[in-house]
Amino acid sequence: MNIMSVEQVSKSYGARVLFENLSFGISQGQKVSLIARNGTGKTTLLRILAGEETADNGIVTYRKGIRTSFLSQDPALPEESALIDYLLDSDLPEMRAIKQYEKAMLHPEDSTAFDAALAEMENLQAWDAESRIKQILSTFKLNDFEQPIKSLSGGQRRRLALARVLIESPDFIILDEPTNHLDFDMVEWLENHLSQSNITLLLVTHDRYFLEAVCNQIIELEGGQLFTYDGGYAYFLEKKQERIAHFHSNVEKAQNLYRKELEWMRRQPKARGTKSKARVDAFYDVKDAAHKKLGKEKVQLEMKMERLGSKILEAHKLKKSYGELAILNSFSYVFKNGDRIGIVGKNGVGKSTFLKMLTGEVAPDGGKVVVGDTIVFGYYTQDGIQLQEDKRVIEVVKDIAEFIPLAKGQKLTASQLLERFLFEGDAQYTYVSRLSGGEKRRLYLLTLLMKNPNFLILDEPTNDLDLITLKVLEDFLLEFPGILIIVSHDRFFLDKLTEHLFVFEGAGEIRDFPGNYTDYRAFQKEQVQLQRQQASAAAAAPKKVVEKPKEERKKLSFNEQREFEELEATIPKLESRKKEILALFQQPTEHDDMQQLSLEMEQLVAELDEKELRWLELSERV
């Protein structure tokens with residue numbers, strides 16, 4: 001059943017045509033990814049579909065009664081509002097009830113408001129929705145409901161906007177780069193959530209693992225045309241290669257025919273009036289077909305690199321903390337030629353601070369960083385994109401150098417270099433202010449590589465880059481002979497380019513893991529499984545009676561010791577049942593069953609809280 005239809009939609013900005021006469025539809029349950037180069041109008045098309053921008057012509061039609069939510073790359077949020085007011089701002093009665101209930105929970109001293117909120121929750125049977133909302137907020141680490149939005153970081157704002165989209169539970173979801181600013185656990189949770197059969201969505205993403213796991217159809221926008229692939233990312237790559245081969249075959253045939261037709265046209269006397277008009281028209285059709293070109297998919301990056309000396313970079317017993325937040329606790333590492341290191345860890349554990357210590361932007365509290373004499377850093381960072389908006393693209397490059405040295409003694413003009421970075425023709429004279437987010441990042445990357453670094457640090461380089469640029473950047477980095485450090489939440493990018501990881505585990509601890517991200521996740525799962533097996537074995541083993549000195553026996557009575565052991569056995573069972581119920585919430589369930597599960601969840605959470613508090617109390621005395 002079609003829930004959205006797009007018919008003959010076009011959009012231009014002045015002389016720049018983004019797309020013309022696009023037509024496609026999305027059916028219920030479809031999960032569609034839109035793929036295109038930066039600057040070809042992906043975000044603009046999503047904004048048109050969401051009703052936030054107007055097409056020059058064409059029609060976007062939704063089935064009657066469809067509710068739609070849109071996550072933009074830069075969501076506009078009410079700065080003065082608290083999280084809870086923004087998240088639960090809805091006309092739906094159950095959302096209003098949940099909002100009042102959560103506010104009453106924050107202020108339990110107002111018993112009248114609490115009783116009224118509780119009664120309304122019971123009346124509307126909103127417990128299942130409330131539990132789902134709590135899970136979403138917990139996943140995205142948005143737990144301070146009264147925090148003002150104006151105090152949030154950029155990443156928190158994006159997670160807040162995404163959480164609201166998911167909480168609204170619309171019929172159709174439009175997402176523009178949903179994985180930006182999410183850590184790995186959040187991305188994997190979002191994958192599982194969006195893979196549910198009852199969710200219909202259209203998204204733009206550079207995360208290829210995410211795309212492969214979630215989407216069942218890909219729409220590619222290339223050269224102003226749409227190409228549809230009914231499958232995931234691997235299927236898209238296979239079929240696109242077939243399409244390109246077919247395209248080149250047809251162009252070659254058209255070129256052969258064009259040569260024959262051109263010869264015929266030239267043989268005809270110019271003044272002769274009997275020339276076949278149909279054949280003349282056909283000649284121009286063949287000419288167009290013979291001169292067709294696919295969009296360039298190669299960004300050539302063979303830049304010259306400064307030679308590395310024997311001493312590269314050494315970190316000796318680095319320490320760093322901000323108040324009680326420990327970033328590094330006596331970290332040491334000597335970088336070697338050919339190192340390709342990925343850096344992973346939850347948001348806020350100090351990954352970017354660590355990189356700034358390596359480059360000298362932040363001083364360590366203890367220890368030292370020794371940098372070799374030949375090291376030239378290239379540091380790509382999210383807050384480093386400070387291009388002058390009133391300059392043209394070619395002026396940005398010429399401000400650095402008119403000519404750029406390449407390997408093997410060659411050199412390029414600024415214009416030639418821009419062409420290799422997919423800024424062709426008139427695009428070189430576009431003002432920076434008119435570039436898309438991905439085009440600005442591509443230009444920033446170019447200005448960085450023009451300095452010929454031999455120690456590349458890339459902090460979230462994949463955000464907003466199109467898949468074409470990403471693939472070519474990966475190919476370049478695979479051949480890059482210098483040192484490479486990557487901070488990224490793009491698992492595919494990390495797997496392809498890194499050989500070992502610095503895992504920021506929190507509290508200043510860093511694990512040097514020999515492998516890529518997929519290897520590390522497999523290791524984590526093995527460790528969890530091992531811990532469970534050990535816990536099961538310990539629970540099944542007969543308890544050894546250890547004679548304690550009399551002065552220690554009074555710490556726990558016999559009954560308290562037995563209670564403590566029962567708690568250790570009971571709490572894991574309760575946690576397991578809680579996970580089972582949360583999993584059931586994600587599946588289509590009858591209303592009565594959902595109501596019963598919600599009541600069980602409420603009782604379960606209360607019981608868990610009580611038993612965990614008691615366990616903590618007793619464990620302190622053990």
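**Aromatic pairs and helix packing in the predicted model**

A search of the whole structure finds 22 aromatic pairs, a pair being counted when the ring centres of Phe, Tyr or Trp (its six-membered ring) lie within 6.5 Å, with planes under 30 degrees apart classed as stacked, over 60 as edge-to-face and the rest as tilted. One of these is the tilted pair of Y62 and F172, for which the centre-to-centre distance is 6.1 Å and the angle between the planes is 50°. Because Y62 lies in strand β4 (residues 57-62) and F172 in strand β6 (residues 172-176), the pair ties together parts that are 110 residues apart in sequence; helices (H or I, at least four residues) and strands (E, at least two) are DSSP runs numbered from the N terminus. Y62 is partly exposed, at a relative accessible area of 26%, whereas F172 is buried, at 0%; here buried means under 20% relative accessible area, exposed over 50% and partly exposed in between (1.4 Å probe, protein chains only).

The structure is a predicted model, in which local features need pLDDT of at least 70 and side-chain atom pairs count only at pLDDT 80 or more, while totals for chains, interfaces and linings use all residues. Residues are numbered from 1 along each chain as its sequence is written, and side-chain values use heavy atoms, with hydrogens and water left out.

Y333 and F335 form an edge-to-face aromatic pair, with 4.9 Å between the centres and 80° between the planes. Y333 is buried, with a relative accessible area of 10%, and F335 is likewise counted as buried, at 4%. Both residues belong to one aromatic cluster that is formed by F331, Y333, F335, F354, F377, F455, F502 and F504. Aromatic rings also meet charged side chains: the charged end of R164 sits over the ring of Y86, 4.7 Å from its centre, and that of R442 sits over the ring of F423, 4.9 Å from its centre, the criterion being that NZ of Lys or CZ of Arg is within 6 Å of the ring centre and within 35 degrees of the ring normal.

Helix packing was examined around helix α6 (residues 154-168), which packs with helix α7 (residues 184-194) at an angle of about 20°, the axes being 13 Å apart; axes are lines fitted to C-alpha atoms, for helices over the stretch in contact, and angles run from 0 to 180 degrees between N-to-C directions. The two helices α6 and α7 are therefore roughly parallel to each other, a class that covers angles under 35 degrees, with over 145 counted as roughly antiparallel, 65 to 115 as roughly perpendicular and the rest as oblique. The contact (heavy atoms within 4.5 Å) is made by R159, L162 and L166 of α6 and by M186, W189, L190, H193 and L194 of α7.

The axes of helix α5 (residues 127-139) and α6 come within 10 Å and cross at roughly 160°, which makes α5 roughly antiparallel to α6. In this pairing R132, I133, I136 and L137 of α5 meet A163, L166 and I167 of α6.

Helix α1 (residues 42-49) is mostly covered, six of its eight residues being buried, namely K42, T44, L45, L46, I48 and L49. Just after α1, G51 takes a positive phi of about 80°. Overall, the protein has 20 helices and 20 strands, and buried residues make up 45% of its 622 residues.
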